[in-house]
Amino acid sequence: MSDKLNFSSRPRRNRKNPAVRGLIRETVLQTEDLIYPLFLHSDDSDVALESMPDCHRWSLRGLVEEVGRARDVGVNSVVLFPAIPEELKTSKAEECYNPDGLVPAAIRVIKEEYPDISVITDVALDPYNSDGHDGVVEVDSKGELHVVNDETVSILCKQALCHAEAGADIVAPSDMMDGRIAEIRRSLDLGNFETVSIMSYAAKYASAYYGPFRGALDSAPKAGDKKTYQMDPANHREAVREAKLDEAEGADILMVKPAGPYLDIISKIRAESDLPLAAYQVSGEYLMIKSASKDGWIDESKVAMESLIGIKRAGADMILTYFAKKIAGML
Ligand code: PBG
């Protein structure tokens with residue numbers, strides 16, 4: 001009696017060597033898929049972030065140099081996050097549409113040096129707001145805090161317009177106010193910026209994974225939480241509803257955030273919309289891989305790569321990740 005059994009199906013045939021595995025590979029990560037989030041401040045020095053290893057708060061000069069290094073390995077898109085000094089923060093976040101502010105200055109210097117880099121900006125009030133919320137805060141007679149929707153949307157429109165005027169290719173509203181995509185689209189069109197795209201944070205969850213980011217920018221809410229505008233992690237039908245609304249309002253690209261713990265949401269929105277889909281591997285996801293690999297418990301590069309392949313396999317066309325430069329260098 002031989003050990004040879006008579007299977008009709010032997011899937012291992014398709015894995016027998018690297019060339020065959022290459023032929024049957026279903027998901028490919030390319031440098032073009034990566035968007036590199038960068039923190040900046042108005043100081044002249046570049047400061048390494050303790051809460052996010054290998055990330056910095058860049059000076060304008062340092063920012064342009066880092067964009068250049070990322071571009072050298074094939075990263076073509078960056079998204080900017082400003083740290084604003086406490087004295088410029090106000091309850092109505094006026095600094096967010098200052099044409100001479102930090103973000104417009106950063107867009108201009110990047111575009112001057114690298115016109116081919118696509119510059120994406122975050123549209124939300126939290127870095128500029130003395131309350132640390134993504135919108136304008138009102139406190140009622142009972143002392144309860146409310147993030148006011150429509151007044152916030154009007155400010156977001158000014159912010160988006162200010163970024164467009166400075167040369168942004170894509171504005172990315174991350175605030176989760178209702179109706180903001182339609183209003184921002186209208187403002188951009190009225191300002192003759194019909195070619196500026198909107199990447200909408202369509203399904204953005206109220207996530208504890210944003211912790212290191214808020215530390216990096218000193219942008220944590222001073223009181224309360226973000227649960228009246230960011231979504232409940234327990235929900236998935238609501239994510240589809242948000243995505244459909246943003247599509248109908250004129251979004252060019254939808255986004256799911258965070259990414260790794262929300263792969264089901266990515267796959268669901270992929271199935272329900274034909275728009276390009278982005279996913280944001282957020283600061284907490286990054287830090288978990290970074291800290292687990294610090295003492296060699298896991299292999300940082302391999303786990304980072306696998307995490308991004310997983311996000312793409314779930315249905316994302318592009319990924320915002322703090323690993324962008326590193327992974328692009330490996331591809
Ligand atoms: C703020 C914003 C946040 C992130 C991107 N834009 C934080 C928040 O909503 O509190 C998080 C990114 C990250 O954690 O990497 N509008």
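At 34% relative accessibility, Asp189 counts as partly exposed, a class that lies between buried (under 20% relative accessible area) and exposed (over 50%), with a 1.4 Å probe and protein chains only. The model described here is predicted, so local features need pLDDT of at least 70 and side-chain atom pairs count only at pLDDT 80 or more, while totals for chains, interfaces and linings use all residues. Residues are numbered from 1 along each chain as its sequence is written, and side-chain values use heavy atoms, with hydrogens and water left out.

A salt bridge is taken as a side-chain nitrogen of Lys or Arg within 4 Å of a carboxyl oxygen of Asp or Glu. Helices here are DSSP runs of H or I with at least four residues, strands are runs of E with at least two, and both are numbered from the N terminus. An α-helix has 3.6 residues a turn, so residues three or four places apart point the same way.

Searching the whole structure gives 21 salt bridges. One of them joins Lys325 to Glu66, with the closest N and O atoms 3.0 Å apart. Lys325 belongs to helix α11 and Glu66 to helix α2 (residues 60-72), so this pair ties together parts that are 259 residues apart in sequence. Lys325 is partly exposed, with a relative accessible area of 28%, whereas Glu66 is buried, with a value of 2%. Arg180 and Asp175 form another salt bridge, their closest N and O atoms being 3.1 Å apart. Here Arg180 is buried at 1% relative accessible area, and Asp175 is buried at 0%. Salt bridges also link Asp54, Lys290, Glu300 and Lys326 in a network.

Glu300 leads on to helix α10. This helix covers 15 residues (300-314) and, at 1.5 Å a residue, should span 21 Å, which agrees with the 21 Å between its end C-alpha atoms; the expected span is 1.5 Å times one less than the number of residues. At the start of α10, a side-chain oxygen of Asp299 comes to within 3.2 Å of the backbone nitrogen of Ser301. Just after the helix, Gly315 takes a positive phi of about 135°. Buried residues of α10 include Glu300, Ala304, Met305, Leu308 and Ile311. The buried residues of the helix pack against β1 (34-40), α8 (263-272), β11 (277-281), α9 (283-294), β12 (318-321) and α11 (324-330), where contact means heavy atoms within 4.5 Å.

The largest nonpolar core has 103 residues, and Phe39 and Met199 touch the most other members. Such a core is a set of buried Ala, Val, Leu, Ile, Met, Phe, Trp, Tyr and Cys residues joined through side-chain atoms within 4.5 Å. Helix α4 (residues 149-166) gives the most to this core, with seven residues. Beyond its neighbours within four places in sequence, Met199 is in contact with residues including Ile35, Ile120, Val171, Ile253, Ala278 and Met318.

Turning to the cysteines, the count of disulfides (pairs of cysteine sulfur atoms within 2.5 Å) is zero. For Cys96, the closest cysteine sulfur is that of Cys162, 7.6 Å away and too far for a bond. Cys96 is buried, with a relative accessible area of 2%, and Cys55 is buried at 8%.

A few backbone features remain to be noted. Most residues other than glycine have a negative phi, and most peptide bonds are trans. Lys257 and Pro258 are joined by a cis peptide bond with an omega of about -10°, and Pro258 sits in the loop between β10 (253-257) and α8. Met176, although not a glycine, has a positive phi of about 65°. Met176 is found in the loop between β8 (170-173) and α5 and is buried at 4% relative accessibility. Asn192, also not a glycine, has a positive phi of about 65°. Asn192 lies in the loop between α5 and β9 (197-204), and counts as exposed at 59% relative accessibility.

Terms used. A polar contact is a pair of N or O atoms within 3.5 Å; within protein, one must be able to donate a hydrogen and the other to accept it, and residues adjacent in sequence count only if both atoms are side-chain atoms.
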